[in-house]
Amino acid sequence: MRRALLSVSLLMFAGACSFLLEDPAETAEAFWLASQQGDVERARELVLPSGSAEIKEPGEGGTGIGDFSLGDAEVDGDEATVATTLYGLGENDMEISFSTVLAREDGEWLVDLDRTTSEMTRALLGTTLEEVAEGMGRAMGEAMGQVVEGFAEGMQAAGESLSAGLERRNQKR
């Protein structure tokens with residue numbers, strides 16, 4: 001009897017673990033949590049084995065993921081996406097938003113690391129380009145302000161010079 005209860009308990013536990021992988025949002029959460037904690041083995045268990053991207057051991061500075069948040073899963077057949085935002089990336093504590101892409105394989109949802117990496121790269125490039133554009137906009141605004149200020153000063157000096165010239169001319173007459 002005791003052995004039967006243990007077997008039933010183990011089957012229920014195994015079923016519960018498998019259930020987690022039947023929900024793409026929970027799979028994405030488990031993946032990002034493992035990635036954040038530097039649990040490379042667990043993260044590798046949650047990705048499609050057929051991908052070319054690989055999960056590497058975290059460097060000396062850690063994983064680089066400060067925190068993350070996830071939206072709801074959008075399922076389309078055997079593919080799903082989960083809106084993902086990573087916070088505290090890099091030295092500038094960057095924040096990027098993209099989609100974690102998952103695929104169902106043998107009834108389990110697994111992260112498609114190749115497509116997720118592409119989504120991250122696209123989001124990172126967009127964020128970087130946006131920051132560059134904002135910086136250029138600020139610099140151009142400052143430069144234009146200096147040009148306008150210089151132009152105004154030049155016009156004022158030209159006006160003063162004209163006034164002085166006219167005054168001298170009127171005095172000669």
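Biologist: Why is Glu79 called partly exposed?

Modeller: Its relative accessible area is 39%. Buried means under 20%, exposed means over 50%, and partly exposed is what lies in between, with a 1.4 Å probe and protein chains only. Glu79, at 39%, is therefore partly exposed. Bear in mind that this is a predicted model, where local features need pLDDT of at least 70 and side-chain atom pairs count only at pLDDT 80 or more, while totals for chains, interfaces and linings use all residues. Residues are numbered from 1 along each chain as its sequence is written, and side-chain values use heavy atoms, leaving out hydrogens and water.

Biologist: What makes Arg115 and Glu79 a salt bridge?

Modeller: The closest N and O atoms of the two are 3.3 Å apart. The rule asks for a side-chain nitrogen of Lys or Arg within 4 Å of a carboxyl oxygen of Asp or Glu, so this pair qualifies. Arg115 sits in helix 4 and Glu79 in strand 2, so the bridge ties together parts 36 residues apart in sequence. Arg115 is partly exposed too, at 38% relative accessibility.

Biologist: Which residue forms a salt bridge with Asp78?

Modeller: Arg104, with the closest N and O atoms 3.1 Å apart. That one links distant parts of the chain: Asp78 is in the loop between strand 1 and strand 2, Arg104 is in strand 3, and they are 26 residues apart. Asp78 has 48% relative accessibility, so it counts as partly exposed, and Arg104 gets that label at 34%.

Biologist: Where do Glu41 and Arg44 lie?

Modeller: Both are in helix 3 (residues 40-45), 3 residues apart, or about one turn of the helix. Glu41 has 51% relative accessibility, so it counts as exposed, while Arg44 is partly exposed at 36%. Searching the whole structure turns up 5 salt bridges.

Biologist: How do you know that Thr116 is buried or exposed?

Modeller: Its relative accessible area is 1%, so Thr116 goes down as buried. Thr116 belongs to helix 4 (residues 113-172). Beyond its neighbours within four places in sequence, Thr116 is in contact (heavy atoms within 4.5 Å) with Trp32, Phe98, Ser99, Thr100, Val101 and Val111.

Biologist: What makes a run of residues a helix or a strand here?

Modeller: They are DSSP runs, numbered from the N terminus: H or I for helices, at least four residues, and E for strands, at least two. The protein chain comes to 4 helices and 4 strands, in the order α-α-α-β-β-β-β-α from the N terminus on.

Biologist: Why are strand 2 and strand 3 called a pair?

Modeller: Two strands pair if DSSP finds at least two bridges between them. Strand 2 (residues 79-89) and strand 3 (residues 94-105) are joined by 10 bridges, so they pair, and they run antiparallel. Leu86, for one, stands opposite Ile96 in strand 3.

Biologist: What is the strand order in the open sheet?

Modeller: The order is 1-2-3-4, with antiparallel pairing. Strand 1 (67-76) and strand 4 (108-111) are the edge strands, each pairing on one side only.
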